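Here is a short note for a colleague who is opening this structure for the first time. Please read the points with the model on screen.

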Amino acid sequence: MILVGLLAVVGPAGATHSGGKGPGKDLVAGTGAIDTPVTPFGPVFVKLHVNAKSGPSGTAPRGNVVFRGNPPPIGEIDIKGRVTCLNIVGNQAIVGFEITKAKAGPVPVGAGGIFSILDSGEPGTADAFEGGPLPVPPTDCEPFPATRTLTQGNFI
């Protein structure tokens, strides 16, 4: 399954959730990369950049996502997308998006994608993310695990 293969390559990221007092918005932002020179599939490099925010509880989501790399079994991918949903649960953010530009890879403009991002604090090297393409852009971002630890970057 393409989603599982791509999810297995992505690592955790961080998030904030308005839980009462404080800002009246949810937010996840940052850039994280996984660079693994030796795997059973050959070298793997993926990079995720996300800047997403919404009102409390995911209302009026907005922002963008950029994903580049060579995740198996997909191969080269370079996509940009518009945020369609955001769900913050503790230090985890789930971001759904519609692909608006596809320079490389088998995923067409108009398809969707989703990433789960885990913020494990500073300096960010324990953050993780997981995700991949979907046939259509999601409007509901249900939580799922983020298990791929960053080798560089930081999410908040």
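1. Start at serine 116. This residue is buried, with a relative accessible area of 0%. Its place is in strand β6. A polar atom of the serine 116 side chain lies 2.7 Å from the backbone oxygen of phenylalanine 144. Keep in mind that the model is predicted.

2. Now the overall plan. The protein has 9 strands and 1 helix. Read from the N terminus, the elements run α-β-β-β-β-β-β-β-β-β. Of the 156 residues, 47% count as buried. The accessible surface is about 7100 Å². Carbon and sulfur atoms hold 60% of that surface.

3. Look at one strand pair in detail. Strand β1 (residues 26-36) and strand β2 (residues 44-54) run antiparallel and are joined by 11 bridges. Find isoleucine 34, then look across to β2: valine 46 stands opposite.

4. Take the contacts with a separation of 6 or more: 56% of them are between residues 24 or more positions apart.

5. Next, the aromatic rings. The count is 4 aromatic pairs. Phenylalanine 97 and phenylalanine 115 make a stacked pair, because their planes are at 5° and stacking requires under 30 degrees. Their ring centres are 5.9 Å apart. Phenylalanine 97 belongs to strand β5 (residues 92-104) and phenylalanine 115 to strand β6 (residues 112-118), so the pair ties together parts 18 residues apart in sequence. Both phenylalanine 97 and phenylalanine 115 are buried.

6. Phenylalanine 115 has another partner to check. With phenylalanine 129 it forms an edge-to-face pair, 6.1 Å centre to centre and with 65° between the planes. This pair also links distant parts of the chain: phenylalanine 115 is in strand β6, phenylalanine 129 is in strand β7 (residues 128-134), and they are 14 residues apart. Phenylalanine 129 is buried, as is phenylalanine 115.

7. Which residues make up the aromatic cluster? Phe67, Phe97, Phe115, Phe129 and Phe155 form one cluster. Select these five together to see the rings discussed above in their setting.

8. Some backbone details deserve a look. Most residues other than glycine have a negative phi, and most peptide bonds are trans. Against that background, inspect the next two points.

9. Where does a cis peptide bond occur? It joins glutamate 122 and proline 123, with omega about 10°. Proline 123 sits in the loop between β6 and β7.

10. Two residues have a positive phi without being glycine: serine 57, with phi near 60°, and alanine 60, with phi of about 50°. Serine 57 is in the loop between β2 and β3 (62-69). Alanine 60 is in the loop between β2 and β3 as well. Are these residues buried or exposed? Serine 57 has a relative accessible area of 66%, so it counts as exposed, the cut-off being over 50%. Alanine 60, at 55% relative accessibility, counts as exposed too.

Note on methods. Residues numbered from 1 in each chain as written. Predicted model: local features only at pLDDT ≥ 70, side-chain atom pairs only at ≥ 80, totals over all residues. Heavy atoms only, no water. Phe/Tyr/Trp six-rings, centres within 6.5 Å; stacked < 30°, edge-to-face > 60°. Helix = DSSP H or I, 4+ residues; strand = E, 2+ residues; numbered from the N terminus. Buried < 20%, exposed > 50% of the residue type's maximum accessible area, 1.4 Å probe, protein only. Pairing = 2+ DSSP bridges. Polar contact = N/O pair within 3.5 Å; in protein donor to acceptor, adjacent residues only side chain to side chain. Contact = heavy atoms within 4.5 Å. Areas by Shrake-Rupley, 256 points an atom, 1.4 Å probe, with all protein chains shown as cover.
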